[in-house]
Amino acid sequence: MILKIDNVTKNFGGVTAINETSFGVSPKEIFGLIGPNGAGKTTMFNIITGNYEPTLGEVYFHNESLTGLKPHQIVRKGIARTFQNIRLFSSMSVLENVLIGFDFQARYGFLESILRFPRFIGEEKRIKARSMEILDYFDIAGFAHDKAVDLSYGQQRKVEIARALATNPDLLLLDEPAAGMNPFETEELGEIIKKARDDFDLTVLLIEHDMKFVNQLCDKVLVLDYGKTIFEGKPSDAIKDQEVISAYLGDFHND
Amino acid sequence: MQLTFSKQHGINSAIVIIAIWFIWFASGHFDEYTVRILNNIAIFIILAASYNLINGVTGQFSLEPNGFVAIGAYVTALLLVSPDAKMYQYAIVDPYPFVLTLHANFFTALILGGIFSAFLAFCLSLPVFRVRGDYLAIVTLGFGFIIKILAINNPEVTNGSLGLNDIPEFSNLYWTGGIAIIAVIVILNIVNSKFGRAMKAVRDDEDAAIAMGVNTFKAKTLAFCTSAFFEGIGGGLLAALLTSISPDLFDFFFTFQLLIIIVLGGLGSTTGAIIGTVLVVGGSEWMRFLDEPITLFGHTTAAMPGMRMVVFSLALIFIMLFAREGIMGKRELKELFKSRKKGGK
């Protein structure tokens with residue numbers, strides 16, 4: 001297990017967003033976290049990334065507890081994420097957006113950058129070359145010097161994933177990657193995620209509503225409803241599961 | 001890519017050489033009044049470029065310059081004024097013995113002023129940057145007032161509201177202009193490194209910056225301390241230019257003027273900070289003729305003191321109406337050329 005969620009509960013005042021949820025993600029798996037709106041999926045992401053502290057329970061990454069680590073430290077351990085609504089750095093070029101991912105990997109100090117030491121120049125060259133490689137991998141190297149926010153929605157999504165990969169993660173968290181995309185873009189995105197998983201040795205945990213996309217992509221899914229796990233297993237079984245269907249469509253029998 | 005990089009280097013070196021030549025030429029050929037204004041412009045370039053680092057590049061709204069400039073000015077002044085001059089200046093109470101013994105050369109005094117300011121900035125950043133929001137503006141605003149009140153109420157060190165006089169006039173165009181060039185180069189080198197990228201990332205989207213593994217606390221603290229360091233040095237240069245300082249000099253209006261400069265030039269652009277300084281500091285001197293009687297088409301109007309500020313304010317309003325993000329926006333000089341080229345294609 002690369003990621004283990006152990007009996008996590010999260011309360012916001014009187015509201016229980018996540019209720020005693022446990023699951024594990026194996027290395028190189030594409031794991032889907034699904035459920036209706038308000039089920040606690042994004043809360044779960046925020047707990048894994050360290051933005052929220054769980055009320056109870058713990059998160060283990062590579063069998064190491066993440067409790068007490070700051071969000072940027074968790075990123076440095078190898079967990080990268082994208083956001084539900086794309087959040088690129090609006091004043092920067094595509095290349096600079098990706099370079100931010102190398103921020104903690106560039107080995108030079110403050111004075112070295114002021115005095116332009118050889119190590120600064122060498123390291124900048126190295127991370128720029130690496131960034132261009134990643135952009136090239138996603139077929140957006142041609143836009144490297146354009147403002148990131150001037151790109152199309154689908155390309156911005158690619159920049160966001162490229163930027164996350166620049167932090168050299170083992171685990172990639174994708175928050176609704178296909179939201180707002182047309183069917184063609186969605187299919188292309190699915191292929192990219194699968195390919196990146198193999199080429200970058202990634203484990204992927206994603207939140208998604210598009211069941212066709214989940215079905216095509218995920219090895220395993222976990223269905224949350226009101227903070228509780230209602231299903232864990234193959235995506236093809238999930239869409240047949242009575243409890244999952246009633247969670248999504250509403251249950252008329254019990255009214 | 002390689003070619004453009006070296007071309008950029010060439011342009012940068014040329015600008016520096018022209019600036020150095022201008023300093024040399026101006027010190028030898030211009031009259032005292034012009035040199036005085038150029039000195040002011042050089043000092044304000046240091047202050048505006050460093051203020052822009054925290055306020056524009058890092059996007060942390062701060063109102064600190066008057067506080068740190070005051071610290072730099074007082075530290076430098078205390079180190080420069082000779083013991084004899086101190087003996088007769090302290091009219092309210094006798095100074096502490098250690099105040100009389102303080103002495104250093106100009107360069108050391110400036111650096112110490114900068115380091116002292118940077119240290120205080122670091123102490124402020126520890127509580128302030130732990131939380132998000134506009135706390136920095138409130139804390140730094142209060143900090144400026146505290147420094148001013150401390151300067152007034154500790155006459156044993158600062159000579160109270162009488163201030164310090166007879167500061168040796170060490171500042172000349174070589175010092176002010178030279179340090180302005182160095183400050184701009186250092187700040188641009190920071191902006192064009194991973195540290196500057198992290199600062200810009202914090203400004204654009206702090207959550208996304210954290211998600212990229214950026215230590216946002218460190219980025220903000222570095223920007224704030226660097227800013228304070230150069231403001232301290234700028235304060236020292238100012239003290240050695242004016243030869244006398246008092247707490248009234250460093251009130252909120254000082255910060256306000258710098259804020260106008262960097263907003264006018266374009267928040268986040270160092271080039272903009274320089275242009276803003278020349279326009280505001282130089283322009284308000286140039287417009288002095290408006291305060292005097294003006295002869296227009298044979299009619300001579302009476303002198304209208306304050307006319308200068310009316311025209312200045314109107315100019316400011318018009319610039320902000322037509323250039324919302326300031327003259328340069330967030331762009332630097334080189335990007336301006338780039339976008340021009342693209343437009344021509």
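1. Strand 3 (residues 30–34) and strand 8 (residues 203–207) of chain A run parallel and are joined by four bridges. Within this pairing, A:Phe31 has A:Leu205 of strand 8 of chain A standing opposite. As the model is a predicted one, these positions should be read as predictions.

2. The two strands belong to an open sheet of six strands in chain A, whose order is 6-7-8-3-9-10 and whose pairing is mixed. At the edges stand strand 6 (79–81) and strand 10 (228–233) of chain A; each has a single partner strand, so one side of each is left without a neighbour in the sheet. From one strand to the next, the twist averages 20°.

3. Which helix packs on this sheet of chain A? Helix 1 (residues 41–48) of chain A does, touching strand 3, strand 6, strand 7 (171–175), strand 8 and strand 9 (220–225) of chain A. The direction of helix 1 makes about 150° with that of strand 7 of chain A.

4. The contact between the chains takes 26 residues from chain A and 23 residues from chain B. On the side of chain B that touches chain A, the elements giving two or more residues are helix 9 (173–191), helix 10 (194–204) and helix 11 (206–211) of chain B. Helix 10 of chain B supplies the largest share, seven residues. By class, this side of chain B divides into twelve nonpolar, seven charged and four polar residues.

5. Two helix pairs within chain B also deserve attention. The axes of helix 6 (residues 106–128) and helix 12 (residues 216–242) of chain B come within 7 Å and cross at roughly 145°. The crossing of helix 6 and helix 12 of chain B is right-handed. Their contact has 16 nonpolar, eight polar and two charged residues.

6. In the second pair, helix 3 (residues 65–80) and helix 7 (residues 135–153) of chain B have axes that come within 8 Å and cross at roughly 30°. Helix 3 of chain B contributes B:Asn66, B:Gly67, B:Ala70, B:Ile71 and B:Tyr74 to the contact. From helix 7 of chain B come B:Thr140, B:Phe143, B:Gly144, B:Ile147, B:Lys148 and B:Ala151. The residues of this contact between helix 3 and helix 7 of chain B divide into six nonpolar, four polar and one charged.

Notes. Residues are numbered from 1 along each chain as its sequence is written. Chains are lettered from A and ligands numbered from 1 in the order in which they are written. This is a predicted model: local features need pLDDT of at least 70, side-chain atom pairs count only at pLDDT 80 or more; totals for chains, interfaces and linings use all residues. Axes are lines fitted to C-alpha atoms, for helices over the stretch in contact, and angles run from 0 to 180 degrees between N-to-C directions. A crossing is left-handed if the near helix is turned anticlockwise from the far one by less than a right angle, and right-handed if clockwise. Ala, Val, Leu, Ile, Met, Phe, Trp, Tyr, Cys and Pro count as nonpolar, Asp, Glu, Lys and Arg as charged, and the others, Gly among them, as polar. Two residues are in contact if their C-beta atoms, placed from the backbone, lie within 7 Å. Two strands pair if DSSP finds at least two bridges between them.
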